[in-house]
Amino acid sequence: MEKKITNTKQLKGELTVPGDKSISHRGVMFGAISSGITELNGFLNGADCISTMNCFRSMGIDISHENDHVIIHGKGLFGLTAPTRVLDVGNSGTTTRLISGILAGQKFQSELNGDESIQSRPMKRIMTPLKEMGASISSKKGNDCAPLFISPATNGLHGISYESPVASAQVKSCVLLAGLYADDKTSVTEPVLSRNHTELMLKGFGATVTSKGCEATILPNPNLQGQKIDIPGDISSAAYFIVAGAICKNADLFIKNVNTNPTRAGIISVAQAMGASLELLNKRIVSGEEVCDLHITSSELKGTIIEGDIIPTLIDEIPVIAVMAACAQGDTIIKDAAELKVKETNRIDTVIENLKAMGVSCEGTDDGMIIHGNSNEFGSEPLYGATIHTHLDHRIAMAFAIAGLCAQGETTLLQSECVNISYPSFYETLEKLTL
Ligand code: S3P
């Protein structure tokens, strides 16, 4: 489906964004392997989280779901039953990698598969530590990608100390979840701290999890208990409106109830460093996570350097940060972000391809990109309207919808429906704010 976006003269209003995707996935998974009822309020009805829900339904978990309210009837650590068909993970890397940690500890065989994108995403990063723990996991095609086949570990799982070569919450969470089924404690050390929702939430469910710097440790065989969780708005979804508020003329947006967990909130410090008038209001803690309301107005932006430890805290926001950089004065350099190459698309390539189509001078590098801001010499706007190839990547579609708001002429998003992965109501919300 094509979507047309035109330049806007103003962007005003109050909004809430859908529930946090990472927390929604984990709520379903942890609820399924806990005893009793888990209740999620603010669940993200995106295709990725529905994939997680359906995988657990296929393993005998009763889940009721109405709007953003989900009830999971957990069956405890050992209550899952063998699925009768291949578990369909759709487009979701989080589902694939986290569920593999749980499946590695089961007494039944399972197979995971998903769409074309998921079948090219690297799974060796979870297969290596899981095999070290004694798991039996293989890539059916022998290319270290899905479909994955998981059988019961012949001698059970063993606790390990794993040094992860990548800062990835999906890898960390996979190993910690397998650690629930191990014979001893399991720890994971990352080069840089990634999002810590698994550690925070599993503790809430009753697991013994400790964190020290970039190391997280878990003890096996806890008695996990169902929880009631209020899921805050996803900062990765709020990011589109943070950037829209900063780059559009006559913008004044109030985004309520956003998760600002420091392991996720790098976009806030980057936007502020670039000169965005962005305020954080009503800071509070909800279900163990930092939450606040955000106020953003039209801003004069300047380029910046984004590198090092902040990268994992804004990895999913880089496409829309690149759009912000294109509208700023001067150069923005993004480094240490090679992980962009293994997301739903190679996001160095897909961001650069589409920025170039909009007339921006920019180049991809081995581990990031360089964007020469406000480089369009021909128009009064920083960008030209163009045809955007989303390549079915939800974050590319939304980042370039925002770019279209301050482009000269019309922007056409191809396969625009891919926003359903993480933000089904994105276009309606955008339209309301531009009225
Ligand atoms: C996620 C972790 C990140 C992120 C993804 C969600 C999670 O991936 O990009 O969208 O929920 O754990 P990596 O852990 O692979 O960096």
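This is a predicted model: local features need pLDDT of at least 70, side-chain atom pairs count only at pLDDT 80 or more; totals for chains, interfaces and linings use all residues.
1. A polar contact is a pair of N or O atoms within 3.5 Å. A polar side-chain atom of Arg 26 is placed 2.7 Å from an oxygen atom of the ligand, so the pair falls within 3.5 Å and counts as a polar contact.

2. Ser 22 has a polar side-chain atom 2.7 Å from a ligand oxygen atom. For Asp 316, an N or O atom of the side chain is 2.6 Å from an oxygen atom of the ligand. On its own the ligand has 380 Å² of accessible area, and the protein covers 95% of it.

3. The residues surrounding the ligand are Ser 22, Arg 26, Thr 94, Ser 168, Ala 169, Gln 170, Arg 195, Ile 315, Asp 316 and Lys 343. Sorted by class, this shell has four charged, four polar and two nonpolar residues.

4. Among the helices, α1 (21-32) and α5 (169-179) each supply at least two shell residues.

5. The peptide bond from Ala 146 to Pro 147 is cis, with omega near 0°. Pro 147 belongs to the loop between β8 (136-139) and β9 (148-151).

6. Asp 336 is not a glycine, yet has a positive phi of about 60°. Its place is the loop that runs between β19 (330-334) and α10 (347-357).

Technical notes: Residues are numbered from 1 along each chain as its sequence is written. Side-chain values use heavy atoms; hydrogens and water are left out. A residue is near a molecule or strand if one of its heavy atoms lies within 4 Å of it. A polar contact is a pair of N or O atoms within 3.5 Å; within protein, one must be able to donate a hydrogen and the other to accept it, and residues adjacent in sequence count only if both atoms are side-chain atoms. Accessible areas come from the Shrake-Rupley method with a 1.4 Å probe; for residues, only the protein chains shown count as cover. Helices (H or I, at least four residues) and strands (E, at least two) are DSSP runs, numbered from the N terminus. Ala, Val, Leu, Ile, Met, Phe, Trp, Tyr, Cys and Pro count as nonpolar, Asp, Glu, Lys and Arg as charged, and the others, Gly among them, as polar.
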